Each structure stands twice: as C-alpha cells, then as structure tokens.
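Work through these exercises with the sequence and the model side by side. Try each task before reading its solution.

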Amino acid sequence: MWSFVLKRAGATFVTLVAASVLIFAFIHLVPGDPIYVLLGDTATPEQVDLVRHKLGLDEPIVLQYLQWAGKALTGDLGQSIFFQAPVLSVIADGAETSLLLATITMVWVVLIGVPIGMVAAMRQGSWVDQTLSGIAMLMASVPTFWVGLYLILIFAAWLGWLPSSGYPSIFESGGLGNLRYLLLPSLTLAAPNAALILRLTRASMLDVSREDYVRTARAKGIRPRQVVRRHILRNALLAVVSAFGFTFAALISEAVVTETVFALPGIGRLVVQSILRRDYPVIQGIILVIVVLYLAINLIVDLSYRLLDPRVELE
Amino acid sequence: MTRDRLHSWLAPFLGRPIALLGLAILVGMILAAIFASVLSPYDPRAIDPIIRLSPPNAAHWFGTDQFGRDTLSRVIYSSRMALLIGVGVVSFALLTGVPIGVFSALFPRLGHVLMRMVDVLMSFPALLLALGLIVVLGQSVANAIIAIGAVYLTTTTRITYGLTLRLRAETYVEAARSMGSGTAWVVVKHVLPNLISPLLVQASFVFAFAQLSAASLDFLGLGAPPDIPSWGNMLAESRTFITRAPWLLFFPGMMIVLTAFSLNLVGDALRDRLDPRFQEMFASRRRR
Amino acid sequence: MLGVKDLTVAVGPDSNPVEIVSSVSFAIGKGEVLGLVGESGCGKSMTSLAIMGLLPDPGPRVRSGRIELDGADVTNLAPWQRVEAGHGNIAMIFQEPMTSLNPVLRIDEQIAEAVRVHDGLSGAAARARACELLEMVRIPDAALQMGAYPHQLSGGMRQRVMIAIALACRPHILIADEPTTALDVTVQFQILGLLRELCDRLDMAMLFITHDLGVVAQLVDRVAVMYAGRLVETAAVETLFDNPAHPYTSGLMACMPAPGHRTRRLTTIPGQAPQPGSISSGCAFAPRCPDVRDICRVDPLARATITEGHEALCKFPVTGSAA
C-alpha cells in the first residue's frame, strides 16, 4: 500500500515541478524587462544594476530557475513592489480570511448539496426531483458575483441585517461574532458549488442503484431505506468525495470574485489588486501557493478515496 | 441529413418542453445579436444626462444607467459580445483540444507526454489560469477568449482522449487498421464521426461556462474593455448604484442567467439523446 | 406453490405498451424443478424478475396477470413487502456473481443481512447462521472465509455465496437465472450438482432459467420453452426431448449437435427472433416456421394440449416422434 502512496506522491511532485517552471517563466513572459517587472517602473538605474546582480538575472535561465525554486522552498518568494514587504508575509496576511471563507463555504456545500441530492435521487422522476434538479441547474447557471450583489442589496442595504463588506480579523479582535461578515460571502460562494454537488450526488446514487448488487440486496427483502443506507450510499458517496478536490479548486477561483464583491481582505482580492497594480511578484507568489495547495488537496482526496475502497487495498 | 437523423436530433427536445424553451431562448439570443441595430430602440452609446438613473418606464423599458444610456439597447448589443465569447471559446477549445486528444490516444508514447502537460495545466484553478494568461498576454477581447479557452481546452482534450481510446479498442477500428488503412484515414472515417455527438454536448456546456467566466473577468475589469457593451461590464458599472438603481443589476444579470441556463438545458437534452446510443455501443463489448 | 397466470410485462405508456412477456402461465409444485429455456431476449429474465417483484423502477411493469406464492397473491409486491405480509419464501440467484455482490461489504455481513430479515436473529446468532449456510454450500474453511470480500473469491465461490444468501431467505422456491453461464465448465458442473442436491435435501422447488439445453437435460423435471415473450411449449423433460410438439422446439432440438453423428453442417433455424412489439397478430414464430400456413399469421393463438402435462402454443403441433 505504501508503494502506492509513494507512487502517487511522486507523480504529484513531478506535476508540481512542471507547474513551477511555468510559474517561474511568468515573470519572463510578461511584456517588458523582468527587472522593471520586479521592481516597478519607478526603479532607479542604480537599483536596477544592484538587483540585477543580486537576483542573478544575468545568469543562464536554468540556473535562475533553480535559484528561484530553492528560495521558494525556504519561503522566500521575493518582494512585493506595492507593499515593499516579503511576498510571503503579504500572502499570509490574507490567508486567514480566505481559509475561513473556503472552510465555511465547503460546510454549506456539503450540508446542502449532499442531502438534497439524496432526496432527489430517492424520489426520481417525481415533481420533487424535477423541481430540485431544476433549481440546481439554475444555481449552476448564475454568476457568483450577481448572487453576491443581490445578497448585499437585500440583506445589507434593504434589511440591514448583515454587513456588506470587510472582515475584521478574528485572531486579532478575538470576536467570533465577526463570522457574520463571512455569512453572505460564504453563501454566495456555496450556491453554484452546492448545486453541482447536488447533481453529482443524485447522479451517483442513481447509477449505483442500477448496479446488480443493489438488486441482490432488494431480493433479500430488506426495506428500501436500509437498501439505500447500507448499499447505495456508501458506494455513491465514494464518487462524490472524490469530487471535493475539484470543488475546492473551483472555490479558489470563484473566491477571487466573491472577495472583490464583498471587499474581503483575502488572497483572492489581493490577486486582483496586484494585477491592477502590476505587483508581479505577488501575483507569482499567490499562484505558486495556490497550485501547491490545490495539488496537495487532490493528492489527499485521491489517497483517501483509494483507501476507503477495499478493492484497492490488496494491490 | 436524412429525415430520420434529423428527427433523432430533435427528439429529446420534442419530449421535453423546457428544453425546447431553452433552445428557443438561444435562438432568440442569436437573432438579437445579429439584428441588434434593428431591435434596439436607442443607440447603446447615446448619453443623455437628464434622464440618468431613471427606473423602467414606457420610453425606456429597462431604465437608464448613470450616463442616461438606455439599458435595453445596451443589453441587446451585449448579446453580440456574449455570442462572440461563446463561439470563440468553444472554437478555441475544440480546435486545439480535439487534435491533441485524438493524436495522444492514437500515438501512445507521444500521448503520455502530452497528457502530462495537460495535467500540469489542470493544476491551475480555472480563473487563476485565465487571469495569469491575461496578465501575460494583455487585456483585450481576443486575449480573454484565449485565456478562457485555455481553461476548457484541458477538459476537451481529456474527454477527446478518453473517447478516442475507447473507440480505438472497438473492433471495427481494429479491423480497419488490420486491413492496412492508414492512420489518418482511420481517424477521419471512424473516429471523428463518433466524436461529434459527445463533443456537441461538451460544446454546449463550455459555451455556458464561458459566459460565466467572461462575465467574471469583465466584472473584475480584466475582460472586455469598458467601452464595449457586455453584460459583465454593465454589472461592474452598476455596482456603485445598486441601491439607487437596482434595475441596472437585474437585467444584465438575468440575461447571463438565461443564456447559461438555456445552454445547460440544451446540453442536458443532447446528452440524454446521446447516452443510450453510447451505452448501446459499449454494451456490445460487454457481452462475451 | 408458485402459480403464474397470464403474466404480461410491458414497457412504455399505458396507451401504447410494448410487450416483453405476453400472457405467460405455468405452475411449479413443491420440490419440482422447472427449466425455463429460450434464446437471449425472449423474456425469460423479465419473467423471473416479475415473479420476484424486482422489476426496475422506472422500467417494465406488470400490466396484467397474477403471481401466486403458496396461494397468496404477490403480483405487484416488492420483496420487502412480501416479507412483511409473511409471503417472503422465495429467493433468486443471478447470472453475474462478480457484480451481484456488494464490493465494499464482507460476505458474512451480506449473508447475515438476509438472516436478520428472515430469521429475526442478530449479532452473533446471525453470523453463526451465516457460517452454517456457507458450509451448506460447500465453501471450504467457511469460518475463515467469512471475513472475506467478494473480490477475494473466485467466480464459483461467489456464486456459492449467492446461493447461501438465497438460502438464508428460507425459500420454498429458488429462482436461478442462468447461474452458471458466467462460470468455467468444471465449476458449472459443481454448482449444478450443488443446486440439485439442495433442492432434494430441502424439498425446495426451483425455476431454472437457461439457454443451454444440455444443462436442462441433466437438471430439471419439467421444461417450459419461451419464444418472443410467449410460452410456446411445456412438457416433462423426457417428453420434450423425445416428442417436441412446437416447431420452434423441434427446431432447437435439431440444432443440437448429436455426439457421434457426423454432419457436414450444423442445422440452424433461419431468420431472427422478432423485436418486442413487432408482432401484432398471429403466431410470433410464423416468419420462421417450416410448416407455416396462412392462418398462422392472422388468427389468435391457440393452446393445444398434446397429452397430460404437455402443452404447445400452436395450431398445428407436431405429433409423433422426432428424428
């Protein structure tokens, strides 16, 4: 079994290295001299020469990549042009908000998507199923930021129940009540993803219910609810769990927009601002961090999926 | 196309009124895009500060924005951008993804390398990849198409690869190759025709997601330039005024939803038509 | 015991149904083994699923007819409903042992589940009974194998587990849908032997479905032949082989290569079986029948009784011995 784990981890590592090459090349692909890309347009000639030598930009590109990668492994992702501070610390500042947002959103997605998907599957073809499936498809067709803006309009502007923007840190103020700042944003983010998980759960359950062993289970005379619980659910959920990694990636993407709509001080909004400010080191750093996170999560989900399925244990 | 085949394509729609509605909406949108100049009551760029931010009324069915521009006309003209983005992204994804997928499946050694490269691309979350490409390429409509297209190129390649692998193992393909047909001939005659249906389904969904992605990019200010009317741009501009002028939020957003929803419905209906045929095709392999 | 009367199963809307099984009637007495034979697609599996109450939903439905188990009407009841009503003494084993067992549950669990439903036992008592059943189906080292997962067992062993599960339901009648088709020839022989032995020992009736006439000859007491959703002939097994009355049955007999008999070509029945719903009037076999007459295509079907216990659905059954 461990050889399987190592093989998968190895494959992920190779993909990571290849992705890092692309990310490294990012600075060089942006139009303009990389020096000015890194320092900003206002750099003086002395700074330029100093940094060019210090960063080894006069060296062969492969060496540059290795230096960059080496530094990245120790946490040195360069210097932000806008903040004049290490990129990693800039990113870390936004981490709390984004991680909290992502976690709360995932909770909504699972709590809403899976049970409703199950209900729809068990009442297949009925008006309940058709309505639920229709709503799910509708939710998956709605732009996230539109939902967000509407939630702000209704709950913040008209009703005044919830704040419309910002997020004071829980760590600093210690007030868990600040979570209410994340309620609307997390619901916004959760909507389309819950819809997708709902459809996936439903489809997976229907697929499993057509399997031969479910027919055998029914033949035993077990009641329908038991058939669902012991035979259909376990096998159907395996497929759904493996989609969580993909859902997380989608969350990261859409969080960019949601954080912008709700003015949350997270990494997503940081990316957009950095693009508009041409703060390339930060953009590069964020992409690297997120890719690492994404690959790690996919690896964990993949491994746990395999470990849950006894068929694979004895390979 | 024989009458039978035409009927089999329409069948999933005829049985399901809501899918038919989706198809009708799409046709309507295409017509609106083509005949925008005829259908719009006003010039979408015409400014009239006196009537700025007026709610929907008899003269302006969808109200006006902060510059006094007619919302209805802008919404109609934006359908052109939506159509352009959709067609552009789907074309890009298909024209790059299909050849890569097909050749990777037919030439395994090259295929392994190419698929790994696709894996690398897929390790970037969708919007981030698009954003990164926009930064490198610069902001323009064409670059937005390429950026979003790159995201869906990966899924299209994967799907084509999987399908071609399965088709390759089908006995009739083996038979053709054993008879000495050249690979290119096999591809054209046997593989491509069988890819049309599943790719058509895929195209519908990609078209839908492209709308949402493009709207997000526009909203962030990184998509179509602000002087070109698009639903995403309209929403971005409406942000400051949503409390005073909620209709500016409603109509462009509704159009995005309608378009994406219709495409999803159409894609679903096409997929249901496709499914039994596919099961039939693979069922013959399962029976010993 | 088991009575099937005018069973009709169809798909599609009520206004325009496509029949898969048309007015099938037969009965199986206590301890009797009936073989249901026919080619692929003739409706034998659908018949067995309808008898069990396992027709998929959505899908084909029973449109008319009755199914009686020990005298009680169980026509549209699902297995769990029959158990609740006290008429659950019927079980089924399927063709594909590989896919018919839940891959993520251990086999003792899968058998114990049925034991719990039918015997009301639980926990250790249920597992003990499960072990007993595994021994009954001749699984070597039963106690050890209890903790195994289906994929760890061979095809023959999996089918034995299926039989054990079926036995846990304390069936008065067992339906076996081509249980050996997916197995090696040597294993087939063992499983068939096991089934026959269990039927004799437990005084259990069996409905054995197959397309293999050779298996039928060894195993069953009586035979029912199906074609295009209809039951075309029923007879005791020796009678069927010696005096087939329906042209289809005699055609089948002629197809079997006889050992020691040299022929240049194997006989076949020309043509193909009709698709469900394509026969609107007359005999379904008419297009392929060597003795067809004009009225065969038009007139409604007639059931002819050749002798006691031997019936054929034909206007002009063959009487007299076959080649």
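Predicted model: local features only at pLDDT ≥ 70, side-chain atom pairs only at ≥ 80, totals over all residues.

**Exercise 1. Domains of chain A**

*Solution.* 
1. Count the contact residues. Domain 1 of chain A puts in 15 residues, and domain 2 of chain A puts in eleven residues.
2. Assign the domain 1 side to elements. In chain A, α1 (2-29) and α2 (34-39) each give at least two residues to the side of domain 1 that touches domain 2. The largest share of that side is from α1(A), with eleven residues.
3. Sort that side by class. The residues of domain 1 of chain A that touch domain 2 of chain A are eleven nonpolar, three polar and one charged.

**Exercise 2. Chain A against chain B**

Which elements of chain A give two or more residues to the side that touches chain B?

*Solution.* 
1. Count first. The contact involves 36 residues of chain A and 31 residues of chain B.
2. List the elements. On chain A they are α1, α6 (127-139), α7 (144-158), α12 (244-261), α13 (267-277) and α14 (280-308).
3. Pick the main contributor. α12(A) supplies the largest share of the side of chain A that touches chain B, at eight residues.

**Exercise 3. Chain C against chain A**

Describe the side of chain C that touches chain A.

*Solution.* 
1. Take the totals. Here 20 residues of chain A meet 27 residues of chain C.
2. Find the elements. α2 (79-85), β6 (90-93) and α3 (107-119) of chain C each provide at least two residues to the side that touches chain A.
3. Classify. The chain C side divides into 18 nonpolar, six polar and three charged residues.

**Exercise 4. The fold of chain C**

Why does the radius of gyration of chain C agree with a compact globule?

*Solution.* 
1. A compact globule of 323 residues would have a radius of gyration near 20 Å.
2. Compare. Chain C has 21 Å, so the value agrees.
3. Along the principal axes, the C-alpha atoms of chain C fill a box of roughly 65 × 55 × 35 Å.
4. Count the elements. Chain C has eleven helices and twelve strands.
5. Look at burial. Of the 323 residues in chain C, 42% are buried.
6. Look at contact range. Among chain C contacts between residues at least 6 apart in sequence, 63% join residues at least 24 apart.

Conventions. Residues numbered from 1 in each chain as written. Chains lettered and ligands numbered in written order. Contact = placed C-beta atoms within 7 Å. Helix = DSSP H or I, 4+ residues; strand = E, 2+ residues; numbered from the N terminus. Nonpolar A, V, L, I, M, F, W, Y, C, P; charged D, E, K, R; others polar. Rg over C-alpha atoms; globule rule 2.2 N^0.38 Å. Buried ≥ 20, exposed ≤ 12 C-beta atoms within 10 Å, placed from the backbone.
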